[in-house]
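Trainee: I would like to learn how to read a model like this one. Please take me through its features in turn.

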Amino acid sequence: LFFCWAGRRGPPPGGGCWAVVLRRGAAPPGAAPPPRHRRLTFSKPAASLGDTGSVVNGRNYVWRNTAAMELRPFSAFTARWDVSSLRDLRDYGDTSANAILATAERSRLLGLDVGLERERALQTTLSFAPPVTEWLRPRVDFGTHFTLLRDPNARTLLRSDDSTGSYHLPRRFGNSQVLTGQVTLDLARALTSATPDSGVRNRLAGLFLPLDVSVTRSLLSSFDGSPFTPGLGYQLALGGTDNFRSADGRLASSAGRTTQLALTTGLSLPFGTNVSSRFQRTESRNWTRRLDNTQGVVEGENTVFPDVSLRWTFQPVWLRSVIAGVGAQARMLHTRQLLFTPGVTMTSQGERTVSEVRSYPVNGTITWAFGGLSTSAGYSRTEREESRPGGFVNGETSELNADIARPFRAPPGWGLTSDIRTRLGFQQAGTRSYIQNRAAATQRSRLADNGRRAFSLNADTDLSQTMAFSLVASRIVTFDDNQGRRFTQNVLTAVLQLQFFAGELR
């Protein structure tokens with residue numbers, strides 16, 4: 001079923017649409033159940049006298065309902081709501097406690113038996129992006145999600161109260177809420193519209209890159225083994241943090257709240273140079289239900305700053321007969337993470353971990369003006385420091401790579417449809433890490449000292465429009481100096497790829 005209506009005339013148009021999709025399983029409510037299915041499972045791949053197989057009989061008899069509604073009262077606002085439900089129409093009878101509860105928890109609609117609801121999902125999406133100006137673009141997004149699962153074949157049954165309540169089938173459900181606010185400030189367009197036309201204005205406008213600022217807050221929770229179905233407020237994921245940590249007086253198995261602030265901007269400098277910078281800070285707090293029916297809190301902070309990237313592209317005019325283009329990239333990244341983990345009970349002491357990662361990758365490429373030759377090389381160094389209860393861990397990782405690529409023209413007698421593309425490469429990576437005890441500050445032990453070194457030669461070509469051939473020869477050396485081990489591999493790989501197409505099937 002699909003309905004649409006229109007509001008007032010003229011832009012932006014008003015109105016909305018309502019769509020209801022009904023999907024049924026083997027038969028609608030009230031009809032005869034479908035035939036059973038039988039599955040025979042063996043544990044051995046070959047026939048054996050001791051493996052007679054296990055038989056599982058079942059029947060899939062469900063009713064699926066899906067509904068969706070989307071509203072656009074004006075062009076800057078969009079609202080959408082989706083719901084889906086799966087109802088089990090099988091007759092479980094009264095031969096066991098699970099069967100009795102599955103029969104008792106069935107629902108009726110207009111006098112008809114609509115079965116036992118096994119799955120439910122709700123999703124809401126709201127988006128608002130008002131057109132303020134060309135250089136200022138705000139946006140707000142709000143989304144919620146809810147899922148519920150009920151298993152009539154669960155091994156354990158739950159009481160609505162600890163000892164005196166009635167029994168119910170266990171339910172597993174969870175929800176999430178995400179609220180995002182974002183603003184994009186285009187300084188170049190702002191200067192263009194605010195200042196008179198001049199050469200200075202054009203130079204300033206080309207200097208600044210857009211500034212993006214976003215704030216995101218997300219809430220989520222999950223309940224395992226609950227004897228009740230939560231209310232509409234929980235299903236719509238409305239409210240604050242306390243509404244996610246508990247429902248109907250019961251603590252959530254796990255809940256979390258995350259807040260993230262991100263800023264991105266940059267400068268476009270002369271001579272083909274671009275500088276971009278990013279700042280990101282994430283704060284998280286997670287609650288986990290303990291054995292004594294309390295919730296332990298795990299707190300974390302993650303800060304990325306500075307994160308500066310430099311990109312440079314250059315085409316030398318005076319060397320155009322030798323060098324066609326030069327490109328280089330460099331980055332400086334610093335990440336600091338703080339994590340606090342509580343104890344198993346309220347009286348036990350928690351643990352605090354602080355880690356810092358500094359990374360400095362650099363790579364460059366030169367494209368030569370003769371023979372299609374190109375060369376590239378890169379180097380990256382990563383330093384890690386981690387403070388744990390009782391000691392320190394620090395280490396470093398270095399990576400080096402270089403390759404040369406050039407196509408060669410094949411002899412005419414070979415009948416190839418393309419050149420032979422070749423590439424010679426070298427990669428090397430190594431990692432070292434040490435641990436140091438707080439009590440003995442002058443002593444440290446080596447945890448890891450390993451790495452990898454590889455030489456490779458690749459060649460590929462097109463034999464025809466439907467056939468391609470590639471050949472790879474490589475020598476790989478893997479070493480672990482901490483354990484005194486070294487492993488060498490010589491690998492030769494040949495691949496013939498064939499593609500064919502058939503006509504339209506009628």
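Predicted model: local features only at pLDDT ≥ 70, side-chain atom pairs only at ≥ 80, totals over all residues.

Trainee: What is the average pLDDT of the protein?

Mentor: pLDDT is the predictor's confidence in each residue, from 0 to 100. The protein averages 84, and 86% of the residues score at least 70. Over residues 5-16 the pLDDT is below 50, and this stretch has 26 contacts in the model beyond near neighbours in sequence; a contact means heavy atoms within 4.5 Å. Residues 19-29 also stay under 50, with 34 contacts beyond four places in sequence.

Trainee: How many helices and strands are there in the protein?

Mentor: Helices (H or I, at least four residues) and strands (E, at least two) are DSSP runs, numbered from the N terminus. The protein has five helices and 26 strands.

Trainee: Which way do β18 and β19 run, parallel or antiparallel?

Mentor: Two strands pair if DSSP finds at least two bridges between them. Strand β18 (residues 295-314) and strand β19 (residues 323-341) run antiparallel, joined by 14 bridges; F314 stands opposite V326 in β19. β19 is also joined to strand β20 (residues 351-368), again antiparallel, by 16 bridges, and there T341 stands opposite E351.

Trainee: Is S226 buried or exposed?

Mentor: Buried means under 20% relative accessible area, exposed over 50%, and partly exposed in between (1.4 Å probe, protein chains only). S226 has a relative accessible area of 4%, so S226 is buried. Its place is in strand β13 (residues 211-226), and among the residues that S226 touches are L158, L169 and F173. For the protein as a whole, 27% of the 506 residues count as buried.

Trainee: Which residues make up the largest nonpolar core?

Mentor: In soluble globular proteins, nonpolar side chains tend to be buried together. A nonpolar core is a set of buried Ala, Val, Leu, Ile, Met, Phe, Trp, Tyr and Cys residues joined through side-chain atoms within 4.5 Å. The largest here has 11 residues: L122, F146, L148, F173, F223, F228, Y234, A247, A252, A255 and W287. Apart from it lies another core, of six residues, among them A99, A102, L116 and L169.

Trainee: How many salt bridges does the structure hold?

Mentor: A salt bridge is a side-chain nitrogen of Lys or Arg within 4 Å of a carboxyl oxygen of Asp or Glu. The structure holds 29. In one of them, D88 and R118 have their closest N and O atoms 3.1 Å apart. D88 lies in strand β6 and R118 in strand β8 (residues 112-128), so the pair ties together parts that are 30 residues apart in sequence. Both D88 and R118 are buried.

Trainee: Where do R285 and E299 lie?

Mentor: R285 forms a salt bridge with E299, with the closest N and O atoms 2.6 Å apart. R285 is in strand β17 (residues 273-289) and E299 in strand β18, 14 residues apart. R285 is partly exposed at 30% relative accessible area, and E299 is partly exposed at 33%.

Methods
Residues numbered from 1 in each chain as written. Heavy atoms only, no water.
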